[in-house]
Amino acid sequence: MKIFVWDEHFITGLERIDEQHHFLIDLINRFGNSLVASKSMEDAELVSVFGQLADYAKYHFSTEESLMRECALEPRHIDMHARHHEDFLSQVTSMWRARTTMSNSVETLHGFLCAWLAFHVLGVDQDMARQIALIRAGKTSGEAFEIAQTPLDRSVDALLTALRKLYAVLTEKNQNLAQAYEQLLILGKLKDDYLAMISHEIRTPANGILGVGELLLDLCPASEDRTLYANLFEQSCLRLLNLINDATLIADMQKLTLKSGAAISFPNLLEEVRAALPDIRILNKPSTALNTVFLKGYPPLLKKALESLILLAASFSRDKQSAPMTATDEAGVLRVWLELDDLSLSDEQVVDFFKIESSVRAASAAESLGLAPVVAYQIITAFGGELRLLKGKGNHDYLEATFLKEKTVRENFMNRVH
Ligand SMILES: [Fe+2]
Ligand SMILES: [Fe+2]
């Protein structure tokens, strides 16, 4: 991580302010080191250094704002300067809140702090220092303000003005994005809470109805009709319970995907799925080269996802029992293809298929799977993979899934083999 280096261009000539800027830079550099050393963005040391940095920035800003008022600087400058401070604090706070979901959060956060401080000290703080010096030399606030408008160096001033404009645009965009993101988080949490509540509330009465149904069937005399109804009842019970379990799983998905376990190789995972689905023919055996492919993710969830993919492929096969599979080891990912000879969905339906609110599934041959395809989609994407239905020519349609590979495990394995 590049550290922030102080040089004479940052000196304002105001002793207390320069000391505070030095201290801020030290804190930013400490924060940069903690970012690099931390195992996670929730690391206690990192959170503590960030807290100190935010507190010290607030303290420094209030020192500058008091000094500007004491020296009776032109209010136009004080307002603009204080707004800069405020924007910085809200910008950093929203970036810090989004740190666990931001890509390159370490570089982005540290880079923003360094760039902002350099830009602010060289521009606005130097302006402030210049006006204070002019007022101390006998100029009025208005005169000092006007003189400070005349740049000392035209090219530097042009650059700072351009940066100021760019910063204002980026700040606004970033605030809009942060607001939209927070709304999404709230909506996502509402959806999860609602699903968790519904699946919990339905479970108790559903168990009651299923229990009474079994008792009633036991009371019926044996007949052809009874067998028919008993089978129908059993299938409906299973679907209802699967639906409740899948809804609970979707509601808990965020927590569950944080779980970890020993990584599983793809052939082992496939063997477990074969054992769980003995009625389905998974036709193409993957090559033995895949023995070294370990998948990223929590194995029980990966198993659930792969099982659902196989069941989904079988639903879209003519005999309802075949899932012809091809798996290829590619850079960083394992790609799984399942051939479908009876998909019967339009291009639009294929796009909407895995959305939780879509009615396409209920009107398709996969209707009996309930929410299982949605669960599979959420598990695979939560671990960095992709899942989609692909329309080909004629009857050659596919279900395509990619799973991220667990690099460390794979490399360790290779090292042991060689
Ligand atoms: Fe400052
Ligand atoms: Fe400032």
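Ala-72 is partly exposed because 14 other C-beta atoms lie within 10 Å; on this scale 20 or more such atoms make a residue buried, 12 or fewer make it exposed, partly exposed falls in between, and C-beta atoms are placed from the backbone. The model is predicted, so local features need pLDDT of at least 70 and side-chain atom pairs count only at pLDDT 80 or more, while totals for chains, interfaces and linings use all residues. Residues are numbered from 1 along each chain as its sequence is written, with chains lettered from A and ligands numbered from 1 in the order in which they are written.

Helices (H or I, at least four residues) and strands (E, at least two) are DSSP runs, numbered from the N terminus.

Lys-320 is exposed, with 12 other C-beta atoms within 10 Å.

Four strands make an open, antiparallel sheet in the order 3-4-6-5, where two strands pair if DSSP finds at least two bridges between them. Strand 3 (325-329) and strand 5 (386-390) are at the edges with a single partner strand each, so one side of each has no neighbour in the sheet. Strand 5 is joined to strand 6 (residues 397-404) by 5 bridges, and Leu-389 stands opposite Leu-399 in strand 6. Helix 10 lies across strand 4 (333-340) and strand 6, at about 175 degrees to strand 6; axes are lines fitted to C-alpha atoms, for helices over the stretch in contact, and angles run from 0 to 180 degrees between N-to-C directions.

Next, the interior. A nonpolar core is a set of buried Ala, Val, Leu, Ile, Met, Phe, Trp, Tyr and Cys residues joined through C-beta atoms within 7 Å. The largest one has 54 residues, and Leu-309, Ala-376 and Leu-399 are among those with the most contacts inside it. Helix 10 (residues 299-315) gives the most to this core, with 9 residues. Ala-376 touches Ala-305, Ser-308, Leu-309 and Leu-387, leaving out residues up to four places away in sequence; contact requires C-beta atoms, placed from the backbone, within 7 Å. A second, separate core of 11 residues includes Leu-27 and Ala-57.

Finally, Ile-25 sits in helix 1 (residues 15-37). Ile-25 counts as buried because it has 20 C-beta neighbours inside 10 Å. Beyond its neighbours within four places in sequence, Ile-25 is in contact with Phe-4, Trp-6 and Leu-117.

Notes: Two residues are in contact if their C-beta atoms, placed from the backbone, lie within 7 Å.
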